Amino acid sequence: MENFLSEELKEILKREYSKGNIILNLGDITKVEVDAIVNAANETLLGGGGVDGAIHAAAGSELLEECKTLGGCRTGEAKITKGYNLPAKNVIHTVGPIYNTDKNVEKLLSDCYTNSLKLIVENNLNSIAFPGISTGVYGYPKEDAARIAIESVLSFLKNHKGDIKVIFVSFSERDFDIYKKIFEESMK
Ligand code: AR6
């Protein structure tokens, strides 16, 4: 169905919802203009499929060159690079847990969000966009992952004095609806 829509109509159909410093957005994270977009990478940081592949393709080969200098990244941790050809100034690479094989998946997924936000603060940045880390190839159930994402970010922002804008980017209508429902629940 989506393939039959013109680019213009697709643009109009994109959805956005915001409250306070949080924005829920439906679209492609490689198009988002922020201080940093987050990449759901793997421990090598040398690229892959899904959002990782899309970010590397849009950023250009210089991103891979910089990633090669980082020595990989442990699950739950995060590392920052420049954004190169992306509209985003930087990319924060984090590695989500593999749902069916890693232990402590909740803590590790939460750490991805918290450690990414710590890099925003350390680098004096103000805006960040997250994809649904681990919810593709790594198999984390979407609702559980969205709840952890929202709770981790809200708790970080509550304990932080600066003004950081956070965008959760969903790649499908279904994911957007999940985020919206869970975000509204967490506001009650
Ligand atoms: N914009 C926003 N979200 C996207 C985009 C996009 N352009 N493309 C995909 N998503 P995944 P993971 C969503 O599989 O589960 C890679 O090979 C997608 O719908 O990209 O953390 C890495 O190298 C899903 O909800 O990441 C690792 O090996 C979410 O992004 C492995 O996959 C995450 O899906 C990481 O797996």
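This is a predicted model: local features need pLDDT of at least 70, side-chain atom pairs count only at pLDDT 80 or more; totals for chains, interfaces and linings use all residues.
**The ligand site**

The ligand is surrounded by 22 residues, of which N42, G49, V51, D52 and T135 are the closest. By type, this shell comprises ten polar, eight nonpolar and four charged residues. Among the secondary-structure elements, β3 (36-41) and α2 (50-59) each contribute at least two residues to the shell. Helix α2 provides the largest share, namely four residues.

| Protein residue | Protein atom | Ligand atom | Distance |
|---|---|---|---|
| D28 | side-chain N or O | nitrogen | 2.9 Å |
| V137 | backbone N or O | oxygen | 2.9 Å |
| K142 | side-chain N or O | oxygen | 3.1 Å |

The ligand taken alone exposes 710 Å², and the protein buries 90% of that area.

H93 belongs to strand β5, which spans residues 90-95. Is H93 buried or exposed? Its relative accessible area is 0%, so H93 counts as buried, the limit being under 20%.

Two polar contacts of the H93 side chain may be described. One is made with the side chain of T81 at 3.0 Å, and another with the side chain of N39 at 3.3 Å. When neighbours within four places in sequence are left aside, H93 is in contact with N39, A41, L45, L63, C67, C73, E77, A78, K79 and T81.

Terms used. Residues are numbered from 1 along each chain as its sequence is written. Side-chain values use heavy atoms; hydrogens and water are left out. A residue is near a molecule or strand if one of its heavy atoms lies within 4 Å of it. A polar contact is a pair of N or O atoms within 3.5 Å; within protein, one must be able to donate a hydrogen and the other to accept it, and residues adjacent in sequence count only if both atoms are side-chain atoms. Accessible areas come from the Shrake-Rupley method with a 1.4 Å probe; for residues, only the protein chains shown count as cover. Ala, Val, Leu, Ile, Met, Phe, Trp, Tyr, Cys and Pro count as nonpolar, Asp, Glu, Lys and Arg as charged, and the others, Gly among them, as polar. Buried means under 20% relative accessible area, exposed over 50%, partly exposed in between (1.4 Å probe, protein chains only). Contact means heavy atoms within 4.5 Å.
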